[in-house]
Amino acid sequence: MKKIFSKVIYRCRQVLWALNSKVTPEEETWTASLLTKEEYTIFSQLNLSDQRHCLDVAYYCKEKAKHLEEKQQKLLVKVSLLHDMGKRHHRLQLWHRILYVLLQNHPNWLNKAKKTSLLQKPLEVLACHSSIGAEEAKKRGWSNDVITLIHHHHNPHATLEQPLAELLTLLQEADEKY
Ligand SMILES: [Fe+2]
Ligand SMILES: [Fe+2]
């Protein structure tokens with residue numbers, strides 16, 4: 001119980017820290033150099049706090065993936081920048097995010113909240129943004145590796161083959177941190 005409580009507090013603080021999010025022009029240039037035009041447009045459509053989060057995940061992954069082949073490093077940084085693209089499918093407000101964090105450990109309350117017209121869409125998008133993002137990536141004809149990593153970025157039980165499994169571990173580690 002204590003563990004769940006401190007996790008909820010940590011998550012709420014993450015959400016609140018995101019309020020002061022900034023992305024510098026240098027970071028915009030760096031991101032644009034790593035993504036295709038289409039991917040960069042998608043990154044730009046994320047709200048500022050999600051862009052900040054994705055950049056921090058990308059920096060962490062870049063640092064931790066130095067021992068991998070260059071191709072894998074590039075894939076991991078690209079997916080880091082795009083992994084939460086599913087969150088663009090609704091205009092998420094701060095209070096949606098806080099409410100979702102609070103309800104995450106109470107599936108019955110979460111299901112009840114999802115049935116209200118005001119909360120249905122935002123909670124659905126927050127709960128399913130990994131599959132929503134993967135579905136969009138598939139429709140756009142992106143690579144299977146990108147689709148798989150986006151799809152499983154919140155799945156602790158994913159069983160992928162190497163080197164994808166290691167990339168997913170790093171992505172999840174960074175995602176938890178920021
Ligand atoms: Fe996510
Ligand atoms: Fe994330």
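User: Before we start, what counts as a helix or a strand here?
Analyst: Helices are DSSP runs of H or I with at least four residues, and strands are runs of E with at least two. Keep in mind that this is a predicted model.

User: Good. What do residues 52-175 look like in those terms?
Analyst: That stretch is 70% helix and 0% strand. Its end C-alpha atoms are 12 Å apart.

User: Which UniProt annotation covers residues 52-175?
Analyst: The record, an unreviewed entry, gives "domain: HD" for them.

User: Let's switch to helices. How do α9 and α10 cross?
Analyst: Helix α9 spans residues 144-151. Its axis and that of α10 come within 10 Å and cross at roughly 40°. α9 is therefore oblique to α10.

User: Left-handed or right-handed?
Analyst: The crossing of α9 and α10 is right-handed.

User: Which residues make the contact?
Analyst: From α9, Asp145, Thr148 and Leu149. From α10, Leu164, Leu167, Leu168 and Leu171.

User: And how many of those are nonpolar, polar or charged?
Analyst: Five are nonpolar, one is polar and one is charged.

User: New topic: Glu176. Where is that?
Analyst: Glu176 lies in helix α10, which covers residues 164-177.

User: Why is Glu176 called partly exposed?
Analyst: Because Glu176 has 13 other C-beta atoms within 10 Å. A residue is exposed at 12 or fewer and buried at 20 or more, so a count in between makes it partly exposed.

User: How far is Glu176 from Gln14?
Analyst: In sequence, Glu176 and Gln14 are 162 residues apart. In space, they are 9.9 Å apart, C-alpha to C-alpha.

Conventions
Residues are numbered from 1 along each chain as its sequence is written. Chains are lettered from A and ligands numbered from 1 in the order in which they are written. This is a predicted model: local features need pLDDT of at least 70, side-chain atom pairs count only at pLDDT 80 or more; totals for chains, interfaces and linings use all residues. Axes are lines fitted to C-alpha atoms, for helices over the stretch in contact, and angles run from 0 to 180 degrees between N-to-C directions. Angles under 35 degrees count as roughly parallel, over 145 as roughly antiparallel, 65 to 115 as roughly perpendicular and the rest as oblique. A crossing is left-handed if the near helix is turned anticlockwise from the far one by less than a right angle, and right-handed if clockwise. Two residues are in contact if their C-beta atoms, placed from the backbone, lie within 7 Å. Ala, Val, Leu, Ile, Met, Phe, Trp, Tyr, Cys and Pro count as nonpolar, Asp, Glu, Lys and Arg as charged, and the others, Gly among them, as polar. UniProt positions are given in the numbering used here, feature names are shortened, and annotations may be inferred rather than shown by experiment.
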